[in-house]
Amino acid sequence: MEKYINDFINLAIGSGGWMILDRIYLRNRLESLIGEWQKENEEVEMPESMSSQEIVDKLLNVAIKNNKLDSQNKRDIEKLQSELMELLTPPPSVLNALFSQHYDNLPHEATDYYHLLNINNGFIKSSFLRAEEIEIDNSNWVIQPNSWANIDENVCQQCFESEGFGVLKNRLKRIIRMNLKGESWGFSYEQTPLFHEHSQFFPEEHSQFEISRKLHETMLQLVEIYPHYFISFDPLKDKVKHHSSFFGGKKNLPLFKEEATHEFDIPGFVTVSAALVDWPLSVIRLKTTSKKNLLNSIEYLNLRWQQYSYPSLDILAKNESGEVTHSLIPIFRIEDNMYVADLILVDESVAFNRTVNYENLLADKFSIVDQLGVINIKEDLEINDRLKEIVAENMLKQSVFKNTPEGETAFIRFVDTL
Ligand SMILES: [Zn+2]
C-alpha cells in the first residue's frame, strides 16, 4: 500500500502542480480523504507499474474499508474519485505556464504533456481498445465502439466557467488559453474522444459562428499554432450547441491517407493545386503555400458549388423553398510546409441524408467525424458483416458524386465548369 501512496504522490508531483516539498502535505491530504492505511489491508501481489486509474481504485478501496465511503453510493464514489484525481491536476495558471514552456520547445511537446495529464487524471475517457479497420469502396476506414462519459450538464462545456466546475469530471477540466488576433480562445480535449487527441477550440465568448472567410482564417491560424493537428468545423454539432467550437486532433485519420486522383486547375489560381480524392464521399483537395490564395480559392469553389445543379443525379443547388442546399466542410492541415484543405461537398437534400440503419449505429449522431473515416458506433454493438454492409450502403447514399461511372463523370464535369 505504501507503494500506491508513493506512486500517487510521485504522479501528482510529476504533473507539475506540486513540488518535492509538498510530499508530507500531499500524504496528509490523501489520508484525510481515504483514512489511514491499515497493515491488514496489505495485498500480496503488487504489479510493478500501475496506471493512475488503477492506483485510485486501490485508494478508493481503502476509503471503503475505513468507512469513509459507501461502496453502494455510485455518485459518492465518483465524487471521491474526482477529488483524488484533482490532486494530479495543476491549477489552470500553472498548467498554462507549463504548457507554454513546453510549447517553446516544440508544439507537440506541449500537447503531449497536456494530453497525458488529461489521461492520467481521468478527464479523457475512451481508449479505442476495440478499433477495427475495414475496407469501404477500396479505402480503409476505422470502426470503433465508444461509450459516453458522464459530464456535468449544468454548465456550457465550451464556456471558461466549466473549468473546475462542480464535484465530478469538470472539476478536472483545465483550459489552455490562446490569443487569436486579439480574441480570447480556449483549447481543451474532448471527454469522450472520437479519434486520437480529439480537441476542441472555442472563443471565450458564448456565441455561435457565422461561416465566413474570417472563420477559415482562424482555422488556418490554429493549424499554424498546432502544425501536428488538423482543424475542422462540424456543422451538425454546431446546430445543437449554442457555443460554437472547432474540432481537431492527430493528422492520422483515414481520409488524409487517401491519394488524390484527377488533378485539375482552378482558373485564376495557378499557385493552388487542386485534385479529387479517392474517397467514397465527394472530396476536393487543395494545396498551396499561399494562405491568401487558399482562402480565395475556397471562397470561389464554395460559390460555384452553391450554384451547381445536376438534376439527373438529384443534385440541386436549391430546395423547393428556394434555400441553398450546397455547402463545403473544410478540413485544414499543414503537410510538407504546404497548407492543405480537404473540402467535403455537402448537399443537404434528403437524397443524400444518412440512412436510418446507419444513423442508429452511431455513438454520436451529431458529428461528421465519420465522414473523415472514423466511425464511432454504440458501445454494445458487434462489428460484423451486416454492420459493414450498412456502413458501405450509407456512404454510397451520402456521396453526392457517387463512385459510379456516371457519378465520376459528373464530378469531373463539375470541376471542368470552374
Ligand atoms: Zn458557452
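**Entry 1: α3 and α4.** I looked up the handedness first: α3 and α4 cross in a right-handed sense. The convention I used calls a crossing left-handed if the near helix is turned anticlockwise from the far one by less than a right angle, and right-handed if clockwise. This is a predicted model, in which local features need pLDDT of at least 70 and side-chain atom pairs count only at pLDDT 80 or more, while totals for chains, interfaces and linings use all residues. Residues are numbered from 1 along each chain as its sequence is written.

I then took the geometry: the axes of α3 (residues 52-65) and α4 (residues 74-86) come within 10 Å and cross at roughly 125°. That makes α3 oblique to α4. Angles under 35 degrees count as roughly parallel, over 145 as roughly antiparallel, 65 to 115 as roughly perpendicular and the rest as oblique. Axes are lines fitted to C-alpha atoms, for helices over the stretch in contact, and angles run from 0 to 180 degrees between N-to-C directions.

On the α3 side I listed Val56, Leu59, Leu60 and Ala63, which meet Ile77, Leu80, Gln81, Leu84 and Met85 of α4. By class, this contact holds 8 nonpolar residues, 1 polar and no charged. Contact here means C-beta atoms, placed from the backbone, within 7 Å. Ala, Val, Leu, Ile, Met, Phe, Trp, Tyr, Cys and Pro count as nonpolar, Asp, Glu, Lys and Arg as charged, and the others, Gly among them, as polar.

**Entry 2: α5 and α6.** I found α5 (residues 92-105) packed on α6 (residues 107-120) at about 145°, with the axes 5 Å apart. Leu98, Phe99, His102, Tyr103 and Asn105 of α5 meet Pro107, Glu109, Ala110, Tyr113 and Tyr114 of α6. I counted 7 nonpolar, 2 polar and 1 charged residues in that contact.

**Entry 3: α7 and α10.** For α7 (residues 213-225) and α10 (residues 291-307) I noted an angle of about 140° and axes 11 Å apart. The two are therefore oblique to each other, and their crossing is right-handed. Arg213, His216, Glu217 and Leu220 in α7 meet Lys291, Leu295, Ile298 and Glu299 in α10. The classes are 3 nonpolar, 1 polar and 4 charged.

**Entry 4: domains.** I noted domain 1 as 1-88 and domain 2 as 92-121 + 153-191 + 197-250; such bounds come from an automatic or database domain assignment. Their centres, over C-alpha atoms, are 30 Å apart. I found 11 residues of domain 1 in contact with 10 of domain 2. On the domain 1 side, α4 gives the most, with 5 residues. That side divides into 3 nonpolar, 5 polar and 3 charged residues.

**Entry 5: whole chain.** I recorded 13 helices and 13 strands, taken as DSSP runs numbered from the N terminus (helices H or I, at least four residues; strands E, at least two). The C-alpha trace spans about 80 × 50 × 40 Å along its principal axes.

Definitions and conventions: Contact = placed C-beta atoms within 7 Å.
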